[in-house]
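Hi there,

Here is the structure I promised to pass on to you. Please open it first, and then read my notes below.

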Amino acid sequence: MSGAAALAPTSPILHPTSDAGFAVYVHWPFCLAKCPYCDFNSHVRLQPPDQARYVAAFRREIAHRAALAPGRTVTSIFFGGGTPSLMEGRTVGAILDAIGEAWAIDPHCEVSLEANPTSVEAGRFADFRAAGVNRVSLGVQALNDADLKALGRMHSTQEALDAVAIARKYFERYSFDLIYARSPEQTPALWRAELELAISHAAEHLSLYQLTIEPDTMFERLFKAGKLAVPDHEAGAALYEITQEITARHGLPVYEISNHARPGAECRHNLVYWRYGEYAGIGPGAHGRLVTDEGRMAHSTEKRPEAWLERVEAGGQALVENERLNAEAQGDEYLLMGLRLVEGIDPAVFRALSGRTLNERRVTSLVLDRLLVRKPGGKLACTPEGALVLDAVVADLAA
Ligand code: SF4
């Protein structure tokens, strides 16, 4: 990255969550195959995309967002997808250079890249490191070959563990994802053993998600046809409790509903989202939140990669949404994001964003129901029981 070479002169606008940082999300939308549970903006192409052409378009979108939000210091950059580990190292490097030309870069900037743990992709880790990536997040998903196959993954357990070992060699910070509650056959004993194995290969961070059946996925079609069974709510909750217990015992406590880390090793990028900071979304189907003269703006881009490319080449950006969020929407978003975190939300920040005070009667009722807890300093956080019904807690508080 070329760092603070070309700083825009304008100062950033102060807002109630200015101290949450400024992040840049870069979406690489291509995958080698579509996983049956996936509802991300991912696309399978028979011909590999022209990466140089995409780099030129990414450069233009980055310049566009920097004009909307000049003078920021980037605290985190995240390459997500899709499968960003299909990018060439020089593609990643060129995009990082463009970000460094658009904004100042914090010396401790976290630069994460999502990678699939195949041997081919692990073979690119040295190039990613040389390009400026300092953290990888590996989509391991299961440490069981039969379940990897059922999830449509293209790697084996051994290949995943080998990729984790290669990640450890190049990156002092890495994380990997596992999906649990993925079938009724996944008993508490099996999940315990798998999680213990995962932790023995983990460093400082793990993302542990319960399988959810998302709309318009192959799994949804199979589920509706009665060909896919998933654990019921009680079984899923039991696996969730085991997850909390084992990760805490190993010094990787939960800090967000699905994320566990050694204290200080939390994913800085996602913390920007959850603390309701600003982030620029670059690439097909990317979302962002930027505070401009007009207010806090929600933006998103054209999802189809080729249509995105053509729009950017024609006009320098491919926004399909650029909407000012009113005070109520900002308050709702702050609750929805912040209550995912164990550290919780600050009622004073909610008031500054939404222009209203949290209803004390509702807060007390949620505390008495053991869904919400008051933290030292006045913050409010979900209890583990509250985290399981987060949407209902947020709806109650926001009403
Ligand atoms: S590799 Fe990731 S983004 Fe691509 S289809 Fe599978 S889950 Fe979705």
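Before the rest, two words on the basis. This is a predicted model, in which local features need pLDDT of at least 70 and side-chain atom pairs count only at pLDDT 80 or more, while totals for chains, interfaces and linings use all residues. Residues are numbered from 1 along each chain as its sequence is written, and side-chain values use heavy atoms, with hydrogens and water left out.

Backbone first. Most residues other than glycine have a negative phi, and most peptide bonds are trans. Arginine 370 is not a glycine, yet it has a positive phi of about 60°; it lies in the loop between α14 (360-368) and β15 (372-374). (Helices are DSSP runs of H or I with at least four residues, strands are runs of E with at least two, and both are numbered from the N terminus.) Tyrosine 276, also not a glycine, has a positive phi of about 65° and sits in the loop between α10 (268-274) and β11 (278-282). Tyrosine 276 counts as buried because its relative accessibility is 2%. The peptide bond from glycine 81 to glycine 82 is cis, with omega near 20°, and glycine 82 belongs to the loop between β4 (73-81) and α2 (89-102).

Gly82 is also one of the residues around the ligand, among them Cys31, Lys34, Tyr37, Asn116 and Arg153 (a residue is near a molecule if one of its heavy atoms lies within 4 Å of it). This shell divides into six nonpolar, four polar and two charged residues (Ala, Val, Leu, Ile, Met, Phe, Trp, Tyr, Cys and Pro count as nonpolar, Asp, Glu, Lys and Arg as charged, and the others, Gly among them, as polar).

Now the aromatics. The whole structure holds 14 aromatic pairs (rings of Phe, Tyr and Trp, the last by its six-membered ring, pair if their centres lie within 6.5 Å; planes under 30 degrees apart are stacked, over 60 edge-to-face and the rest tilted). Tryptophan 28 and phenylalanine 30 form an edge-to-face pair, because their ring centres are 5.4 Å apart and their planes stand at 75°. Tyrosine 54 and tryptophan 308 are stacked, 6.0 Å centre to centre with 5° between the planes. That pair links distant parts of the chain, 254 residues apart: tyrosine 54 is in helix α1 (residues 51-68) and tryptophan 308 in helix α11 (residues 305-315). Trp28, Phe30, Tyr54, Phe58 and Trp308 form one aromatic cluster.

Trp308 is among the buried residues of α11, which also include Pro305, Ala307, Leu309 and Val312. Their cover includes β2 (30-31), β3 (43-44), α1 and β13 (295-301) (contact means heavy atoms within 4.5 Å). Just after α11, glycine 316 takes a positive phi of about 85°.

One last item is glutamate 256, in strand β9 (residues 254-256). Glutamate 256 counts as buried because its relative accessibility is 1%. Leaving out residues up to four places away in sequence, glutamate 256 touches Trp274, Arg340, Leu341 and Val342.

Methods
Buried < 20%, exposed > 50% of the residue type's maximum accessible area, 1.4 Å probe, protein only.
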